[in-house]
Amino acid sequence: MKESLRAKRMQKHHRRMGSMSKLNLVSLMDIFTILVFFLLINSSDVEVLSTEKSIRLPESQATQKPDTTLLIKVNNEDLLVGTRPIAKVKDILSSGTLTIDVLEKELAYQAGRRPATEQEKEKGRAVTILGDQSVPYELLKRIMTTCAATDFRDISLAVTQIQSNVTAPVSTSVSTTGAGG
């Protein structure tokens, strides 16, 4: 007996569906190659602080790695908390106060965003100051005094590490117990 066209089509379809499908390894290898390069690039153990182009950090031979903390950046023109400009340096220097009011308000806001841990209550909240090397010490002193007054007593100063022609931002820790100094 002769098979109908429909029966032939069904047999052909069943044979095609019954065979094992093949895995396209070329695309899979491309994905893994990209993944390997991505992991190699992003798996370095050096933590780099984000710096402004207008801030040139002082150099040091410090070896301690910086912690991820709140960043206060200061250059010859602006005082920034994170990426947000807070005040102009000339206005801060012209004021006669020992603390910086706008920085105090911003730090109080940042502290209110999350509760302090037990370690932070004992040691103080952590903050890292990225100050340009040409910033006057008087300004740094006012920033540190304001930080200490708002319970940000675990202060680190960021510097550029110099060691065998390799430079990477690191921080040194400055322990303060209160305002003044």
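1. The mean pLDDT (the predictor's confidence in each residue, from 0 to 100) of this predicted protein is 78, and 77% of its residues reach 70 or more. Local features need pLDDT of at least 70 and side-chain atom pairs 80 or more, whereas totals for chains, interfaces and linings use all residues. Residues are numbered from 1 along each chain as its sequence is written, and side-chain values use heavy atoms, without hydrogens and water.

2. Helices (H or I, at least four residues) and strands (E, at least two) are DSSP runs, numbered from the N terminus. Where pLDDT is low, the predicted coordinates should not be read in detail.

3. Strand β2 is largely enclosed by the rest of the structure, because five of its five residues are buried. Buried means under 20% relative accessible area, exposed over 50%, and partly exposed in between (1.4 Å probe, protein chains only). Leu70, Ile72 and Val74 lie on one side of β2, Leu71 and Lys73 on the other.

4. Strands pair if DSSP finds at least two bridges between them. Strand β2 (residues 70–74) runs parallel to β5, joined by five bridges; in β5, Gly131 is the bridge partner of Val74, and Leu130 stands opposite Lys73. With β3 (residues 78–81), β2 pairs in the antiparallel sense over three bridges, and a hairpin of three residues joins β2 to β3.

5. Met29 lies in helix α2 (residues 25–42) and counts as exposed because its relative accessibility is 54%.
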